[in-house]
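Thanks for making the time, everyone. I would like to walk through one model with you, so please keep the sequence and the 3D view open while I talk.

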Amino acid sequence: MSAIIEIKNLVKRYKELIALDHFNLEVREGEIFGLLGPNGSGKTTTINCILSLLTYDKGDIRVFGEKMTPSSYELKKQIGVVMQDVAVFDELTVRENVDYFCGLYISDKDLRKQYVKEAIEFVGLEDFSNFRPKKLSGGLLRRLNIACGIAHKPKLIFFDEPTVAVDPQSRNNILKGIEQLNRDGATIVYTSHYMEEVEQLCSRILIMDKGRSIASGTKEELKKMIKNTEKISVEVPHLQKQALADISLLPHAYDVDYSENVLRVSFSGGTHNLVRILDYMKSNDYTLGRVYSELPTLNDVFLEITGTELRDNA
């Protein structure tokens with residue numbers, strides 16, 4: 001797949017603060033690319049530099065193989081942006097808002113009318129087309145924001161935290177819509193602090209912190225970078241100290257904890273960890289409650305790589 005976005009050695013300074021520190025990024029055609037990082041990591045700065053809304057001190061940015069500049073209007077016609085802060089006009093109706101933003105790129109009135117109709121239908125706002133934004137719920141307002149950003153049928157779309165503060169139904173509709181846009185041919189750049197969304201949507205992910213790229217790859221590749229490969233929890237009352245010592249000696253076990261009658265063991269490798277624990281419990285006549293095994297999540301990856309949970313920073 002060809003690269004839609006290429007960033008090499010990007011540096012952006014705000015006086016003494018280095019917002020982007022020789023940052024590199026490649027987004028390939030047809031993928032949903034996840035950009036993860038805590039507040040202040042440089043995600044929004046990166047997007048604004050790509051869109052040429054910010055000047056930068058050093059580096060190279062190419063979009064669709066061409067250098068992006070403030071006057072790259074033909075390039076910008078192929079890009080859609082749905083930012084975290086809803087940006088619509090309160091005095092315009094749903095249809096008028098979508099028509100205005102579509103009109104920034106599509107001058108043909110008949111074609112624009114068709115695109116506006118399709119965008120409103122795409123986000124499920126047909127019954128609200130004559131409503132003004134103040135009469136819409138938070139979820140419907142987010143959908144309007146998306147319709148305004150994608151009505152001109154861009155080939156590259158940026159979604160910056162599009163599901164913040166929306167109800168579960170609206171969130172599901174938004175995520176399904178993003179997947180459909182991708183199936184229809186759009187390349188997506190997606191930022192979110194909801195790890196489950198990123199795991200569901202994104203084909204590749206980049207974790208950034210303090211303006212730098214920390215790790216990148218598929219979710220499977222990222223999970224292989226960390227020590228934790230499995231967490232096993234067992235409800236077992238009155239577990240003896242000797243049992244904790246014995247379990248800590250099991251192959252691949254590196255962290256053993258017992259509190260509130262729950263044994264928690266972390267492993268770095270191995271394929272029969274749960275079997276070994278259950279065999280030990282059985283041979284020592286322990287009575288067990290619930291038993292469950294957890295594979296590593298993106299939050300585990302983020303925690304181990306950056307030293308903090310993403311949700312704590314969002």
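Let me begin with a question: in which sense do β11 and strand β14 pair, and over how many bridges? Before I answer, please bear in mind that this is a predicted model. The two strands, β11 and β14 (residues 291-294), pair in the antiparallel sense, over 4 bridges, and if you look for V234 you will find that its bridge partner in β14 is V291. Strand β11, which covers residues 230-235, also pairs with strand β13 (residues 262-267), again in the antiparallel sense and over 6 bridges, with F267 of β13 as the bridge partner of E230.

Now to another sheet. Here 6 strands form an open sheet with mixed pairing, and the order across it is β6-β7-β8-β3-β9-β10. The edges are taken by β6 (79-82) and β10 (212-217), and because each of these has a single partner strand, one side of each is left without a neighbour in the sheet. From one strand to the next, the twist averages 15°. Within this sheet, strand β3 (residues 32-36) and strand β8 (residues 187-191) pair in the parallel sense over 4 bridges, and V189 in β8 is the bridge partner of F33.

Helix α5, residues 138-150, touches β6 and β7 (156-160), and its direction makes about 165° with that of β6. Helix α6, residues 168-183, touches β3, β7 and β8, and the direction of this helix makes about 150° with that of β8.

Next, a single side chain that I would ask you to look at with some care. K12 lies in strand β1 (residues 3-14), and K12 is buried yet has no salt bridge. The nearest side chain of opposite charge is that of D57, at 5.1 Å, whereas a salt bridge would need the nitrogen and a carboxyl oxygen within 4 Å. Leaving aside residues up to four places away in sequence, K12 touches L17, I18, A19, L20, T45, T55, Y56 and D57.

Finally, the cysteines. A disulfide is a covalent bond between the sulfur atoms of two cysteines, and how many does the structure hold? The number is 0. As for individual cysteines, C49 is buried, with a relative accessible area of 2%, and C202 also counts as buried, at 6% relative accessibility.

Note on methods: Residues are numbered from 1 along each chain as its sequence is written. This is a predicted model: local features need pLDDT of at least 70, side-chain atom pairs count only at pLDDT 80 or more; totals for chains, interfaces and linings use all residues. Side-chain values use heavy atoms; hydrogens and water are left out. Two strands pair if DSSP finds at least two bridges between them. Axes are lines fitted to C-alpha atoms, for helices over the stretch in contact, and angles run from 0 to 180 degrees between N-to-C directions. Contact means heavy atoms within 4.5 Å. Buried means under 20% relative accessible area, exposed over 50%, partly exposed in between (1.4 Å probe, protein chains only). Lys and Arg count as positive and Asp and Glu as negative; His and the chain ends are not counted. A disulfide is a pair of cysteine sulfur atoms within 2.5 Å.
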